[in-house]
Amino acid sequence: MIAHLRGTVAGVAPDGAVIEVGGVGMRVQCTPGTLATLKPGESAQVATSLVVREDSLTLYGFSSDDERNIFELLQTATGVGPRLALAMLAVHAPDALRRAVSTEDLGALTMVPGIGKKGAQRIVLEMKDRLGPPGDGGEGLPFRAAQRAPSWRDQVQSGLVNLGWPARDADQAIAALEDEGVIGGSDGDAVDVATVLRAALRKLSKQ
């Protein structure tokens, strides 16, 4: 199993990145929050999980071992595959998922595109004793804060679109957060893409 990758970021796309390791470009699919920590031309290390299917080998990358472990645990729940597990981590941080499951917060779980009330109930039932309490994550790879990136708005919009929201709705949610002062505002500011993405998802889920 490939536990982690350490190399130079060769490129970043809305749904993944290419990390060059020993002259080989390894493509990893990541959440927008993890992608926000990767900058082309810089060295990076991501925890990884390899998902093997009959017709594909897909590598998923994460900012920490804890996030990777939660991704793998979530897939043990009925009806949760890699794409849905990744979407859950795009909407909620690992501790937020632990809190939602331990407190049976179905509203938080149904914020994730693809999870309805019955699916949320099933996840709570099956995962309550597996994820552990909030703050129970182990020490993993250090999370590197999002660096100054003029494309933060595009990253947030792409993340929302990848999670199933129309581009128009995504733009409106971002604009509303800016009007409310939730986001720093100008493209020159350092913006935590993961935080903005989660705030936008909360706003969209209330529409």
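Predicted model: local features only at pLDDT ≥ 70, side-chain atom pairs only at ≥ 80, totals over all residues.
Helices (H or I, at least four residues) and strands (E, at least two) are DSSP runs, numbered from the N terminus.

Which residues of H2 meet H4? They are Asp66, Glu67, Ile70 and Leu74. Their partners in H4 are Pro94, Leu97 and Arg98. Contact means heavy atoms within 4.5 Å. The residues of this contact divide into four nonpolar, no polar and three charged. Here Ala, Val, Leu, Ile, Met, Phe, Trp, Tyr, Cys and Pro count as nonpolar, Asp, Glu, Lys and Arg as charged, and the others, Gly among them, as polar.

## The cores

The largest nonpolar core has 46 residues. Phe71, Leu74, Val80, Met88, Val156 and Leu160 have the most contacts inside it. Helix H3 (residues 82-91) supplies the largest share of this core, eight residues. A nonpolar core is a set of buried Ala, Val, Leu, Ile, Met, Phe, Trp, Tyr and Cys residues joined through side-chain atoms within 4.5 Å. Buried means under 20% relative accessible area, exposed over 50%, partly exposed in between (1.4 Å probe, protein chains only).

What does Met88 touch, leaving aside its neighbours within four places in sequence? Met88 is in contact with Leu74, Val80, Leu97, Leu109, Val112, Ile115 and Ile123. A second, separate core has eleven residues, including Ala17, Leu35, Ala44 and Leu59.

Strand E1 (residues 4-13) and strand E2 (residues 16-21) run antiparallel, joined by five bridges. Two strands pair if DSSP finds at least two bridges between them. A hairpin of two residues links E1 to E2. Gly11 stands opposite Val18 in E2.

E2 also runs antiparallel to strand E3 (residues 24-29), with six bridges. Val18 stands opposite Arg27 in E3. Gly16 has Gln29 in E3 as its bridge partner. In the hairpin of E2 and E3, Gly22 takes a positive phi near 60°.

## About the model

Residues are numbered from 1 along each chain as its sequence is written, and side-chain values use heavy atoms, with hydrogens and water left out. Local features need pLDDT of at least 70, side-chain atom pairs count only at pLDDT 80 or more, and totals for chains, interfaces and linings use all residues.
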